[in-house]
There are 2 protein chains.
Amino acid sequence: MYTIAVDAMGGDRAPKEIVAGAVTASGEGIAKVILVGDENKIKQVFEQEKLEPKNYDILHAEEYITMDENPTAALKNKKDSSMVKAAQLVKDGKADGMVSAGNTGALMQAALFILGRIEGIKRPAIITFWPNVKGVSMMLDSGANADCKPEYLLQFAQMGSIYAEKILGVKNPKVGILNIGSEPMKGNELVKETYSLLKESNLNFVGNTEMRSFFLGDVDIGVCDGFVGNMILKTSEAVAEYLEKTLKAEVKKSFTAILGALLLKPSIMKIRKHLDHAERGGAPLLGVKGVCIKSHGRANARTIYNAVKIAAKASENKIIECMESMNK
Amino acid sequence: MYTIAVDAMGGDRAPKEIVAGAVTASGEGIAKVILVGDENKIKQVFEQEKLEPKNYDILHAEEYITMDENPTAALKNKKDSSMVKAAQLVKDGKADGMVSAGNTGALMQAALFILGRIEGIKRPAIITFWPNVKGVSMMLDSGANADCKPEYLLQFAQMGSIYAEKILGVKNPKVGILNIGSEPMKGNELVKETYSLLKESNLNFVGNTEMRSFFLGDVDIGVCDGFVGNMILKTSEAVAEYLEKTLKAEVKKSFTAILGALLLKPSIMKIRKHLDHAERGGAPLLGVKGVCIKSHGRANARTIYNAVKIAAKASENKIIECMESMNK
């Protein structure tokens, strides 16, 4: 069984949801988990939630990094924080991977400075998974690097292709540049230069991809800089939320609409489950020397349960070794 | 009555929908329209659609610019195109404004080279309107400038503020930078530098705005570079389309769901109308010396009808004069 270190104090709903999700996974034998955080608080969650944890350990951490802390300062000043200690467990080989729903910037820094970059990788990137009509596509970078160079995007495409092949079993994965138009000359300087690099690469590059086509599953991997990727992510969430809110408000106005909504509810719940980030668990941070899964800040128990599953699978599939061989 | 030149050949559904929308507006006395395009084809639409146009003129144009043509080449080689001739009418004072649903890049170039930039304006920008729970917010730039400098974004904020005040009647409009986080240090280099500029400006700058908060209507104006803006636009459309498609597929699977969907249909249609780009007509291109409205490539008659309305209102409100006084 693989061992996954879980930052029990990271995320808006920590420690309750984090601890609950982690020990559900360990209880099912998905992985052994090491809960890193305030021991008293973790044990309180056990009691309050009437959990009967199995296959677990607790590593006490005196402090934790908050969601809005400056990442660099946090890493420097909070060496005994749950996130830093979880990363250290991976670094020391005491855990095969880690999961955190905490401060993204801080996690990036912890991964970079504690686990370290894989040789030859210029910038690590966060992968997110996107359900579509055909299955699932990946987007990277989803927020690790706000400013990028074309070479970074080329590497994101390479890392994404390896992940798609080795972990998801996609043969010859299709790579597209997420862009505002499909013609080769479209976009800003960054994507235009990336286009040339990808065209010369040995990847299965299919050109520029508009968001509509991305949601139709026309590519397996969409690459973009981390600012754009994070905007796409947040825009998608905001639109879905807005539509739901507007529909709810509209439905309230009419009795037949309320009845209609009730009859539709099972279908809506299925779609919601299909789209829910909790079902996807988290976003792997690729390019660092250790399995590191970033869960959504609003992660609940189910998110963490799935994140532990992803971490265990990535460990099993030797994802780090695969990335290391990329530039050889 | 103001006179609006309409590029009858621009857009996926030209000339039929364009002509129909334009003459509906002119028939209602919203503006006099000059239909610029292939005279025979325009008259064919009159016949086929049994239109009885009033308050209109036709200006024959031998050719037109296609949707995927290279903008620079198109402008150079197609001087007799409908889009170029429409812009020329505005330039020559024969029309008060123009509307086109054609090639965005080409329209930008036509506006820049025929109408010309307003003195002091570094880059023109496209405004889009976003319905939200409180009313409507504006986003700019929505796609005119793929690469931007902080000074451009400052001017977008200034132009947006003027438009909000003078055309929409919003007092002291709130300006936010569309960003991946709300803290001052978040984002890429461009938005960080823009933050400092906006903070020093005399605009009502409220800081960084996440998409969620933008959709809640927390700001009147969201500024961003044209690449990011266009990605936000396309992502929003793609998400809404994807959700609709997924819901339809899910509903088909169950009889109660079909019944529910039927009962909900009026509510959904209301929301769709609320969100439909056709209802918003088009996006004003600000910063050029002439009223120029870009309608969606998929514009239908209703879109063009509303675009003519916006163009007439912008003419009436002396939007160009307002922009000209911005840097004085």
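**Close-up views of a predicted two-chain model**

**View 1. The β11–β12 hairpin of chain A.** Strands β11(A) and β12(A) run antiparallel and are joined by two bridges. The model shown here and in every other view is predicted. Four residues lie between the two strands of this hairpin. In the turn, A:G287 has a positive phi of about 110°. Across the pair, A:A283 stands opposite A:K294 of β12(A).

View 2. Strand β12(A) covers residues 291–294. A:V291 and A:I293 point one way from the strand. A:C292 and A:K294 point the other way. Are these four residues buried or exposed? All are buried. Strand β4(A), residues 97–100, runs parallel to β12(A), and four bridges join them.

**View 3. Where the two domains of chain A meet.** Domain 1 of chain A takes in residues 3–121 + 280–324, and domain 2 takes in 126–233. Their C-alpha centres lie 27 Å apart. At the contact, 16 residues of domain 1 face 13 residues of domain 2. On the domain 1 side, two or more residues each come from α5 (104–115), β11 (283–286), α12 (301–316) and α13 (319–324) of chain A. Which element gives the largest share of that side? It is β11(A), with four residues. By class, the domain 1 side has ten nonpolar, three polar and three charged residues.

**View 4. B:R302 in helix α12 of chain B.** B:R302 sits in helix α12(B), which spans residues 301–316. B:R302 counts as partly exposed because it has 18 C-beta neighbours inside 10 Å. B:A20 is 282 residues away from B:R302 in sequence. In space, their C-alpha atoms are 8.6 Å apart.

**View 5. The five-stranded sheet of chain B.** The open sheet has the strand order β6-β7-β10-β8-β9 (chain B), and its pairing is mixed. The edge strands are β6(B), residues 128–131, and β9(B), residues 204–209, each pairing on one side only. On average, neighbouring strands are turned by 30° against each other, direction ignored. Strands β6(B) and β7(B) pair in the antiparallel sense over four bridges. In that pair, B:P131 stands opposite B:V136 of β7(B). Helix α6(B), residues 150–166, packs on the sheet and touches β7, β8 and β10 of chain B. The direction of α6(B) makes about 165° with that of β10(B). Helix α9(B) lies across β6, β7 and β8 of chain B. Its course is at about 135° to β7(B).

**View 6. The interface between chains A and B.** Here 47 residues of chain B are in contact with 46 residues of chain A. On the chain B side, α8 (211–215), α9 (226–251) and α10 (255–275) each supply at least two residues. The largest share, 20 residues, comes from α9(B). By class, the chain B side has 24 nonpolar, eleven polar and twelve charged residues.

**View 7. The axis between the chains.**

Conventions:
Residues are numbered from 1 along each chain as its sequence is written. Chains are lettered from A and ligands numbered from 1 in the order in which they are written. This is a predicted model: local features need pLDDT of at least 70, side-chain atom pairs count only at pLDDT 80 or more; totals for chains, interfaces and linings use all residues. A residue is buried if 20 or more other C-beta atoms lie within 10 Å of its own, exposed if 12 or fewer, and partly exposed in between; C-beta atoms are placed from the backbone. Domain bounds come from an automatic or database domain assignment. Two residues are in contact if their C-beta atoms, placed from the backbone, lie within 7 Å. Ala, Val, Leu, Ile, Met, Phe, Trp, Tyr, Cys and Pro count as nonpolar, Asp, Glu, Lys and Arg as charged, and the others, Gly among them, as polar. Two strands pair if DSSP finds at least two bridges between them. Axes are lines fitted to C-alpha atoms, for helices over the stretch in contact, and angles run from 0 to 180 degrees between N-to-C directions.
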